[in-house]
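Reader: I would like to learn how an interface between two copies of a chain is read from a model. Could you take me through it step by step?

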Protein chains: 2
Amino acid sequence: MELTDRKKRILRAIVETYIATAEPVGSKAVAELSGLDVSTATIRNEMADLTELGYLEQPHTSAGRIPSPAGYRLYVNELMDRQQLTIQETQRINEALNLKMEELDRVIDRAGKVLSQLSDYPVFTMSAVKERVTVKRFDLLMVEENAFIAVVMTDNSVVKNKLIHLPDQLSDTQLQLLSAVLNNSFVGLTREEMEQALDKMEAHTAPAAFQLISLVVEFAIEVLEDQSQQKIRTAGITHLLEHPEYKSLDKAKPLMNYLSEEDGATSLPVKLDEGQNMNILIGPENVSEALKDTSVIMASYDIGDNMRGVIGVVGPTRMDYAKVTARLSYFADSLTRMFGKELPPGGKPEE
Amino acid sequence: MELTDRKKRILRAIVETYIATAEPVGSKAVAELSGLDVSTATIRNEMADLTELGYLEQPHTSAGRIPSPAGYRLYVNELMDRQQLTIQETQRINEALNLKMEELDRVIDRAGKVLSQLSDYPVFTMSAVKERVTVKRFDLLMVEENAFIAVVMTDNSVVKNKLIHLPDQLSDTQLQLLSAVLNNSFVGLTREEMEQALDKMEAHTAPAAFQLISLVVEFAIEVLEDQSQQKIRTAGITHLLEHPEYKSLDKAKPLMNYLSEEDGATSLPVKLDEGQNMNILIGPENVSEALKDTSVIMASYDIGDNMRGVIGVVGPTRMDYAKVTARLSYFADSLTRMFGKELPPGGKPEE
DNA sequence: CTTAGCACTCCACTTCCCTGAGTGCTAAAG
DNA sequence: CTTTAGCACTCAGGGAAGTGGAGTGCTAAG
């Protein structure tokens, strides 16, 4: 059954006041704020209906109402105004992103921090993943007789290096030979394939040579592992403490721990279906126990080469959805615009 | 004036019980715990003396006593037992450090985390600095016609690379030429010297070539900057919340913010005089306002090549100094042993 | 269907009191 | 001169009781 327009306006007024004040909303407040020209008694009747329908909750008999998760859901789906960003905010974002166009990771880290400041909530970022990452080429650079630098470049254009010390001396020719072996046998392989190839090679290779090869290949494997790992970082956890629902430490502590422990954050619900680029999880919709009273808003950004990342905001269910989604989507779009292919026209902040 | 032995035992008992319980200590508790066979009245007299001398404080008339900063100072200087680590703990530390002997930064990061878990306090780490860092050599690797990898190796054996895209195509010969210029003119220079050399070169070099050179040199400058910067990281800030002095959020928030904002942490009092390898700052001895009710224990570790880092623990003045110093010094020693030259015999965990 | 009125509920806050741990002082004992 | 016992005093913390007020649900009238 569809709600009447008046019920919607009442629900909306309740959600928004509750978001702003964090306190149960009574019929009087609704009468004033909803813009409806009816008495509090009428409002009370409507509120009783809405409670009946499961959109509102009552902490105790004589308190006002607060939105239920279903109420929030309805709000974000239908009722919410899409907020605009101020010019200062867009500037701030742009500065944060443009800043020297450093490495991807660092830009995203910084993006997380700024977003956290703008939204007053903690933010998590997940750097992009690709299904199949392989090594594109190996380079070896002699440094001293017993040390060289191994440079590994992956097919998503990440370059990593490592200084490798050797027990024995090594000639230039040997190094070139090594380079040839590596580039012939280990290019284009994924991590697992490399491990297999290495195992197979062990049988018919001289131990000394094999040791040398595996030194470099193991480094390459590490690099690939690192690439395919979903690295989740969080920023601005302390913002939690600013919100009244985390005034009691007993409430704040578990969530803060969950977010600050890497392991915890790893299980963040960073599923984002293909095509969809913004997702809101309200309270109990979260799988993880620690997030039961928490909402998560996340957006994805596209990076070239099949890569995709997620950036998201964590806050109490009474989170300012309108404000956060506006900022978040602008961020995600900016990241996409910055790293990825062209954005289809229309994907601008003014949604 | 020297304190009598009995006064010292009483002070010590008070400090230790207060550390354990976080509550003012009364004469009765002292009588039982100090091991002295005297009445509470005698203890009271002594405690009155100690208060007079400034070693103890009284939150209000009829509460027990708590140690003053001077009392803590005396405790850490003279009274404190040097704690031993359990075997499990040393194992834990060793695992954390050995783990794959990754990059310096990561090892230290991880060390910070484990230390924070072991001590239940937040930990900060500062990576090492060297006075004069220069580039030891440049290497350039062609990737495509319009892109190459620049590899920069500094004299403290740090290797960084960057993928550089070009507007135009570049031949192998040109690349070799570029490499020669770089290795001839910019090796052995510090950041500032490089900037000067680059300026001077601009006058008598073809614009196209100069642009190419400066692309790489600017990257090298970034690398050096990065090296000479004191990078401070913190770990385990949420541990603060476990301690009763930060039960009220008003207390916890400023300190947490101070620690989690990079800028704030930068001003941490990481001075450590040469030769000294453990330092304790108690409450008001800290310069920064946010640390006034906070103690900082820090230890330095040596890394080869004139480099030195600091790792430290932040906690309430009522922090378990004995426990923390034991763990901290073992950590610092392990880091030194791992990266640096041999430790002089005797620098073992047992003080 | 809307509204005014009214009795009722219950949280949040204040006030008050009380308890108990701890103190300082004094006077006696060693 | 030091130690001890005794005692009156202080004060934070916690519970009990009381109160105000916001909000509700119901009823009856417009």
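Author: What follows goes from symmetry to contacts and then to charged pairs. This is a predicted model, in which local features need pLDDT of at least 70 and side-chain atom pairs count only at pLDDT 80 or more, while totals for chains, interfaces and linings use all residues. Residues are numbered from 1 along each chain as its sequence is written, chains are lettered from A in the order in which they are written, and side-chain values use heavy atoms, with hydrogens and water left out.

Reader: What rotation superposes chain B on chain A?

Author: Copies are superposed by least squares on the C-alpha atoms of residues with pLDDT of at least 70 in both. Here a rotation of 180° with 0.2 Å of shift along its axis brings chain B onto chain A, with an RMSD of 0.2 Å. The two copies are therefore related as by a two-fold rotation axis.

Reader: How many residues of each chain are in contact?

Author: Contact means heavy atoms within 4.5 Å, and 30 residues of chain B touch 30 residues of chain A. Because 97% of the interface residues of chain B are also interface residues in chain A, the copies meet through the same surface.

Reader: How many salt bridges join chain B and chain A?

Author: A salt bridge is a side-chain nitrogen of Lys or Arg within 4 Å of a carboxyl oxygen of Asp or Glu. There are four between chain B and chain A, and one of the residue pairs forming a salt bridge is Glu144(A) with Lys136(B), whose closest N and O atoms are 3.7 Å apart.
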